[in-house]
Every structure is written in C-alpha cells, then in structure tokens.
Amino acid sequence: MTTSATTVRVAEAAAPIDGRDQFAPLLERVRAGRKFGANVLSTLDVLQVLYDRVLRITPATVDDPDRDRFLLSKGHAVAGYYALLAAKGFIPPDWLDDQGGPSSRLGDHPDRTLIPGVEIGSGSLGHGLGLGVGSALGLRAQGRLAPRVYVLLGDAELDEGSNHEAIAYAGAVGLGNLTAIVVDNFSATHGWPGGLATRFTANGWTAATVDGRDRDALHPALTGHHGHRPHVVVALVGDGE
C-alpha cells in the first residue's frame, strides 16, 4: 500500500459514526509521521464499532465488575487502540504524543498496569483468547451474567496451538458470554479448510463472516451472539491490510 493510499485508508476508517471528528486527529498524533502497517489498518473499523456501539464500558466503570471486557490479543495493532482510548476519555490525549518513548505509558504493546481501560498486557501472539476464556469462565462462576468478553485476534495467531485449545474448550463448556473477533487479512501460514469460521463452528461456536470495513455489517455480527454458545466474528479485510 502506498503512503497516499494509506493516508486515505486512515481517513476513511477514522470517520466517526456520530459525525464528530474525534478519532482522526488523535490517530494522527499517534502516527507522528510514521507509516501505519497492516496490523493497524486492518483493525480500525472493528475497534470503532466496538467502542462506539457495542462495549458497555466507560472511564467511570473500568473497575466495575459488571463491565464488558475487551482484550486486544493482537497487541502490536496498538495505534488505533490508543487513539480510541483517548477519544473515549480513558487516557489523556497528551499521552499520545510520546507513544513508544522511554518514559511513556504507551508502549508498542499495551500494558494493563499502566493504562486505564486496558484489560491485559499483550504482544506475544496466541495468548489473548485463552485469557478471554478464563475471564468469561470466571464471570460465569461468579454468577455475573451481564458482562461479555470480547477478544480481538489476527488470523495469523490462530496458527498457535494455544488458540486451538481455547476454541475447543470454550465450545465444549458453552461459554455464551464470549465473543472472538478475528481480523482476517490472509496472513496466516496454514489457514483452515472451508474458511476460518468453520474452525470455530466445528467446536460448537456460532459464527458470522462479514466485510471488516463495513460498519453496518459489523454491528449486527458483533451483537448477534447466542446465549448458550461462544460466538466468533470473522472480519475480512484486504490481503496485506
């Protein structure tokens, strides 16, 4: 993708749903003249739909036990995540200006001990879904039926065996409070016969496969879960995005 095309893609993805231009300038502050890669560009629309229309969490409820949980397993796709946290008031916008600096709280992977609103420290791929399964199981054991756990993954990290275990276990115990979102930019080494969704449905999950750029399609896919089965949304984006 060329630099000009990347700029257009960021501008399109950053267009806010409610008409207020909050996200785009914050994303540019994180960018600071750098070129965003596919890891960032592929997640922008999914992240915005989640935070604008799906997740039940605010800066005032980051410690509320009945909040929704969002886990960014794809920890290297952090630029859009930080911009959204600033847009939603979880972190001061000034933090964006020194992202990745030696004294910054905002590293190249998120750290839950340093950043309000971040649920897990991530970066080493393949761990987020297992942590999400544990979170969902813990909420169920506590009798908390309202909170939902959302985990954002990349298709390539599904090559990790830990994810296969998490998929199989969640389906076997019927973790109906868990949603996985797989951003599929066709970067996986192995792939899956019949498409990624079949890897989950074979283990008892419900699934929706949608255009990862179509926010109107993403919203019903993200909220169309069944009460007694885990749910996966496969968000298809362009090859190399």
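Colleague: Hello! Which residues are linked with R29 in a network of salt bridges?

Modeller: Please keep in mind that this model is predicted. A salt bridge needs a side-chain nitrogen of Lys or Arg within 4 Å of a carboxyl oxygen of Asp or Glu. R29 forms such a bridge with D97, where the closest N and O atoms are 2.7 Å apart. The network links R29 with D94 and D97.

Colleague: How many residues apart in sequence are the parts that R29 and D97 tie together?

Modeller: R29 and D97 form a salt bridge, with their closest N and O atoms 2.7 Å apart. R29 lies in helix α2 (residues 23-31) and D97 in the loop between α5 (78-87) and α6 (128-141), so this pair ties together parts whose separation in sequence is 68 residues.

Colleague: Is R29 buried, partly exposed or exposed?

Modeller: Buried means under 20% relative accessible area and exposed means over 50%, with partly exposed in between. D97, the partner of R29, has 47% relative accessibility and is partly exposed. R29 has 29% relative accessibility, so it counts as partly exposed.

Colleague: Which residue forms a salt bridge with R144?

Modeller: R144 is partly exposed, with a relative accessible area of 25%. The closest N and O atoms of the bridge are 3.1 Å apart, and the partner of R144 is D66.

Colleague: On which side of α2 do its buried residues lie, the same or opposite?

Modeller: The buried residues in α2 are F23, L26, L27, V30 and R31. They cover an arc of only 150° around the axis, which puts them on a side of α2 that is the same.

Colleague: Which residue follows α2 with a positive phi?

Modeller: Helix α2 covers residues 23-31. The residue that follows it has a phi near 50°, and this residue is A32.

Colleague: Now for the aromatic rings. Is the pair of F70 and Y81 stacked, tilted or edge-to-face?

Modeller: A search of the whole structure finds five aromatic pairs. One of them is F70 with Y81, with ring centres 5.6 Å apart and planes at 70°. Planes over 60 degrees apart count as edge-to-face, so the F70 and Y81 pair is edge-to-face.

Colleague: Is Y81 buried or exposed?

Modeller: The cut-off for buried is under 20% relative accessible area. F70 has 3% and is buried. Y81 has 1% relative accessibility, so it counts as buried.

Colleague: Which residues do ring pairs link into a cluster?

Modeller: F70 and Y81, the edge-to-face pair, are both part of it. The whole cluster is Y51, F70, Y81 and F90.

Colleague: How many charged residues are in the lining of the second largest cavity?

Modeller: The second largest cavity holds about 40 Å³ of space. Its lining is Y51, L55, I57, D68, R69, F70, G117 and E119. By class, four of these are nonpolar, one is polar, and the number of charged residues is three.

Colleague: Last one! Which elements each supply at least two residues to the lining of the largest pocket?

Modeller: The largest pocket holds about 240 Å³ of space. It is lined by 14 residues, of which V62, R67, R112, V118 and E119 lie nearest its centre. By class, the lining has seven nonpolar, two polar and five charged residues. The elements that each supply at least two residues are β1 and α6.

Key
Residues numbered from 1 in each chain as written. Predicted model: local features only at pLDDT ≥ 70, side-chain atom pairs only at ≥ 80, totals over all residues. Heavy atoms only, no water. Helix = DSSP H or I, 4+ residues; strand = E, 2+ residues; numbered from the N terminus. Buried < 20%, exposed > 50% of the residue type's maximum accessible area, 1.4 Å probe, protein only. 1 Å grid on protein atoms, 1.4 Å probe; cavity = no way out; pocket = protein on both sides within 12 Å on 5 of 7 lines; lining within 4 Å. Points joined across faces, edges and corners; volume = space filled by probe spheres on them. Nonpolar A, V, L, I, M, F, W, Y, C, P; charged D, E, K, R; others polar. Arc of directions from axis to C-beta. Phe/Tyr/Trp six-rings, centres within 6.5 Å; stacked < 30°, edge-to-face > 60°.
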